[in-house]
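The following paragraphs lead the reader through a single structure.

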Amino acid sequence: MSNIFEGRTTNEAIEKGLKELNLTRKQVDVKILESEDKRSFFNILTPRVVKVELIVKENTEKIIKKEKIEVSAESEKKAEENIRRFLDEFISKLPTNDLVYDIKLDKNDLYVDIKGEDTGYLIGYRGNVLNSLQVILNNIANGELNERVRVLLNIGGYKEKREKDLKDLADKIAGTVIKKRKSITLEPMSSYERKIIHSKLQENSKVETHSIGEEPNRKIVVSLKK
């Protein structure tokens, strides 16, 4: 799970996010989206805005149960309008002319689904372009709102396919760990992908998982249960 917050400084943005999420600094990974240093002569008089993404770590010792705040219908409508306005212009400038999108609201979340014959370049290597577009859509949707609507993006059914591949990988790695009785460290993955691996292997009584490293190079280690 990740959330984006703004402030005049990096520390202010992080503290604002931690307070809203009711988490400690040790329970999140921080990714700087817009740095304090990115200022030029032409925008020196513009109020400084720093954006950070707080990614909640898996397997935290303390499980935080935070009631989700209901977002007003007005904010939901405005967020959807912002997304539609952006996507209409964005898609019109792409080389593929058969792209269509659909937006659905479910429990304060906006699900955006883009479909077409050729969507690979919008997905990127293991979803890196898709993930970046999702961050952009969240910023655009919530740019003028006091409340926060979460935007979840899927393109060409990528997330369903990726989830299946990751679950198959988890089973394969678990089998290897059990057979060779040695831990295996996977390559870096996003928090979304790591969550799938963790959840899948929780069903396995012989192995356990934990994450190591810092974003964006955070990895999962699969090992035998002690």
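The face of helix H2 that is turned away from its buried side carries the exposed residues Ala73, Glu74, Lys77 and Ser92. Here, buried means under 20% relative accessible area, exposed over 50%, and partly exposed in between, with a 1.4 Å probe and protein chains only. Helices (H or I, at least four residues) and strands (E, at least two) are DSSP runs, numbered from the N terminus. The model is a predicted one, in which local features need pLDDT of at least 70 and side-chain atom pairs count only at pLDDT 80 or more, while totals for chains, interfaces and linings use all residues. Residues are numbered from 1 along each chain as its sequence is written, and side-chain values use heavy atoms, with hydrogens and water left out.

H2 comprises residues 73–92, and its 20 residues reach 28 Å from the first C-alpha to the last, close to the 28 Å expected at 1.5 Å a residue; the expected span is 1.5 Å times one less than the number of residues. Its buried residues are Ser75, Glu76, Ala79, Asn82, Ile83, Leu87 and Ile91. They cover an arc of only 145° around the axis, and therefore lie on the same side of H2; the arc is that of the directions from the helix axis to the C-beta atoms. What covers these buried residues includes strand S4 (100–106), strand S5 (109–115), helix H4 (128–141) and strand S6 (150–155).

H5 has 23 residues (158–180), which should span 33 Å at 1.5 Å a residue; its end C-alpha atoms are 32 Å apart, in agreement. Arginine 181 follows H5 and has a positive phi, near 55°.

Next come the paired strands. Two strands pair if DSSP finds at least two bridges between them. Strand S9 (residues 219–224) pairs in the antiparallel sense with strand S7 (residues 184–185) over two bridges, with isoleucine 184 opposite valine 222. Strand S8 (residues 207–212) also pairs with S9 in the antiparallel sense, over six bridges. Isoleucine 212 has lysine 219 in S9 as its bridge partner. Six residues lie between the strands of this hairpin, in which glycine 213 takes a positive phi near 90°.

Side chains of opposite charge can pair when their charged atoms come close. A salt bridge is a side-chain nitrogen of Lys or Arg within 4 Å of a carboxyl oxygen of Asp or Glu, and the count comes to eleven by this rule. One of them joins lysine 93 and glutamate 89 (3.1 Å, N to O). Another joins aspartate 171 and lysine 200 (3.8 Å, N to O). This pair links distant parts of the chain, aspartate 171 being in helix H5 and lysine 200 in helix H6, 29 residues apart. Salt bridges that share partners join Asp171, Lys200 and Glu203 into one network.

Definitions and conventions:
Contact = heavy atoms within 4.5 Å.
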